[in-house]
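Subject: The structure we talked about

Hi there,

Here is the structure I promised to pass on to you. Have it open while you read, and look up the residues as they come up.

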Amino acid sequence: KAMKKKLLSILLVLGMTIGTMPVTAFANDNIDSGISQTENYGEFIDGEQVISDMIEKNGMYAHPRIIMSDERFAKLKTYIGDGSVTAILLDKLRNEADRIVNTTVAQYEIPDGIRLLETSKRIQRRIAALAMAYNIFGEEKYAERCYAEIEAACNFKDWNPSHFLDVAEMTTGFAIGYDWLYNWMNDSQRSFVRKNLIEKSFNQVMEDYEDKPRTRTYCWYQDYPGDNWKLVCSGSMNMAALAVGDEADSKKLASEILTYAYKEAYSFVRRAYSAKDGTYTEGLGYWDYATYYLGLHSSSLISAAGTDYGLADFEGLRKSVDFIRYMSSNTPKSFSFGDDGDSRDTGWTGLLWLGEYLQSPDISAIRLKKIANDSFNYLDLLWIDEDKKSDSVKDSPTDWGDVGASNASFRNTWDESGTVAALHVGKNEYKYHKKIMHYSDELDLVINEFN
């Protein structure tokens with residue numbers, strides 16, 4: 001209790017000090033980074049070049065190539081039954097696939113009159129789990145049930161483009177399903193899937209890119225600076241473009257989408273993750289959503305074309321690992337601010353991708369510690385690599401913050417019984433999810449104690 005009072009006193013003093021300082025001394029939640037919307041965000045390869053690189057790396061019609069490969073599937077098989085974390089994941093995968101086999105295919109449902117989103121996410125998870133199970137366990141029932149889910153979604157009247165996030169989530173599932181089931185499907189089935197992908201996804205995103213008139217809940221592409229939709233929609237579209245980019249009926253559209261989506265994602269990464277301290281604009285919960293989609297995008301480019309062309313190579317993204325660690329409690333639970341909800345677990349799958357991308361097993365270890373006790377998440381199997389497992393424990397400083405940044409935290413220990421205090425400060429102009437504030441400055445404090 002004495003430590004708690006001490007930390008509270010420190011924060012109150014900081015709060016009073018901050019109140020006497022000009023707002024410009026602190027970051028504006030990284031919303032207004034001074035980057036012009038029309039600024040050239042750096043060099044990148046256009047869509048035609050990406051497809052050319054993909055074909056040169058893999059050859060024509062070579063699948064799987066979206067994150068997974070025959071070699072990757074074969075390696076995962078070697079862990080079956082060996083008691084490792086990967087083996088636990090594979091057991092969970094089989095159980096999940098068996099459960100889905102005994103369910104009916106998803107139906108077109110918009111319960112709130114706006115969103116098909118939960119259906120799109122459900123279909124994506126089912127396709128990924130079933131296609132992965134087929135490639136690892138080799139049982140025909142998984143491929144058959146996976147295609148049944150894809151076929152049902154092809155027969156939907158649309159994927160609800162007015163709320164484009166629904167299309168994005170569905171498109172991710174189709175990218176995975178087409179690529180991982182390519183060698184199981186026949187020509188007629190592949191053509192049918194591509195036809196519906198083009199009609200219900202590619203044509204729809206081009207209307208957004210070209211700003212054609214239509215009803216929209218949110219102009220995600222036109223908006224600036226934008227939110228997590230920038231990475232979710234861009235990442236999903238490019239996954240699908242890479243999956244079908246060597247097919248005659250989709251190559252032209254795929255190359256155009258790759259160009260649009262890459263530049264949009266590249267620029268948003270450099271706006272959303274603070275180069276100062278890695279703070280993510282929307283808070284910790286949306287860091288998870290945006291970052292694992294950035295991981296899907298980057299990993300798909302690397303597996304298909306051999307490089308992500310610098311997409312995720314940004315200091316702010318590297319620093320965002322500390323943003324997550326330090327703005328969480330020791331259990332870990334998130335400090336909720338910005339557009340976040342209630343405090344939630346922060347040992348997220350995106351950390352596996354960042355650990356792989358940054359070649360830092362210590363980052364991956366944050367997620368590895370939680371996998372066995374969490375519900376099944378197919379994303380874990382995309383990036384887990386226990387050959388690079390870290391057993392080391394770094395003596396990280398207990399306090400974190402930087403002059404000019406918008407967040408800081410303080411703790412007496414990293415043990416789960418420790419006391420943690422966090423601070424968020426800056427001009428509050430956050431506009432997404434209808435959280436428009438009518439006052440200019442904010443100072444949020446939180447004290448968490450775990451006994």
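Below is a short tour of what I found, going from the whole chain down to single residues.

**The whole chain**

Please keep in mind that this is a predicted model. The chain has 15 helices and four strands. Of its 451 residues, 55% are buried. The exposed surface comes to about 18900 Å², and carbon and sulfur atoms supply 49% of that area. If you take the contacts between residues at least 6 apart in sequence, 73% of them join residues at least 24 apart.

**The nonpolar core**

The largest nonpolar core holds 124 residues, and F174, Y273 and L382 are the ones that touch the most other members. Which helix gives the most residues to this core? That is helix α5 (residues 117–137), with 12 residues. To see some of the packing for yourself, click on F174: leaving aside neighbours within four places in sequence, F174 is in contact with I127, I150, A153, C154, W159, V193 and L197.

**A buried helix**

Next, have a look at helix α13, which covers residues 350–357. Six of its eight residues are buried, so the helix is largely enclosed by the rest of the structure. The buried ones are G350, L351, L352, W353, L354 and G355. What do they pack against? Their partners are α11 (284–305), α12, α14 and α15. Just after α13 comes Q359, which takes a positive phi of about 55°.

**Salt bridges**

A search of the whole structure finds 28 salt bridges. Here are some to start with.

- E199 pairs with K195, with 3.8 Å between the closest N and O atoms. Both sit in helix α8 (residues 187–209), four residues apart, which is about one turn of the helix. E199 is partly exposed, with a relative accessible area of 35%.
- D322 pairs with R325, and here the closest N and O atoms are 3.2 Å apart. Both belong to helix α12 (residues 315–326) and are three residues apart, again about one turn of the helix. D322 is partly exposed at 32% relative accessible area, and R325 is partly exposed at 24%.
- D380 and R367 meet in a salt bridge at 2.8 Å, N to O. D380 lies in helix α15 (residues 378–383) and R367 in helix α14 (residues 361–371), so this pair ties together parts that are 13 residues apart in sequence. Are these two side chains' residues buried or exposed? D380 counts as buried at 1% relative accessibility, and R367 is buried as well, with a relative accessible area of 4%.
- R94, D98, E139 and K141 are linked in a network of salt bridges.

**A buried charge without a salt bridge**

D166 is found in helix α7 (residues 164–180). D166 is buried yet has no salt bridge. How far away is the nearest side chain of opposite charge? That side chain belongs to R115, and it is 6.3 Å away. What D166 does have is a backbone neighbour: a polar atom of its side chain lies 3.4 Å from the backbone nitrogen of L117. Leaving aside residues within four places in sequence, D166 is in contact with I114, R115, L116, L117, S120, W159 and N160.

One of those contacts, L116, is worth a click too. L116 is found in the loop between α4 (85–101) and α5. At 0% relative accessibility, L116 counts as buried. Not counting residues up to four places away in sequence, L116 touches Y108, E109, I110, D158, W159, N160, D166 and M170.

Happy exploring, and write back with any questions!

Best wishes

How values were computed:
Residues are numbered from 1 along each chain as its sequence is written. This is a predicted model: local features need pLDDT of at least 70, side-chain atom pairs count only at pLDDT 80 or more; totals for chains, interfaces and linings use all residues. Side-chain values use heavy atoms; hydrogens and water are left out. Helices (H or I, at least four residues) and strands (E, at least two) are DSSP runs, numbered from the N terminus. Buried means under 20% relative accessible area, exposed over 50%, partly exposed in between (1.4 Å probe, protein chains only). Lys and Arg count as positive and Asp and Glu as negative; His and the chain ends are not counted. A salt bridge is a side-chain nitrogen of Lys or Arg within 4 Å of a carboxyl oxygen of Asp or Glu. A polar contact is a pair of N or O atoms within 3.5 Å; within protein, one must be able to donate a hydrogen and the other to accept it, and residues adjacent in sequence count only if both atoms are side-chain atoms. Contact means heavy atoms within 4.5 Å. A nonpolar core is a set of buried Ala, Val, Leu, Ile, Met, Phe, Trp, Tyr and Cys residues joined through side-chain atoms within 4.5 Å. Accessible areas come from the Shrake-Rupley method with a 1.4 Å probe; for residues, only the protein chains shown count as cover.
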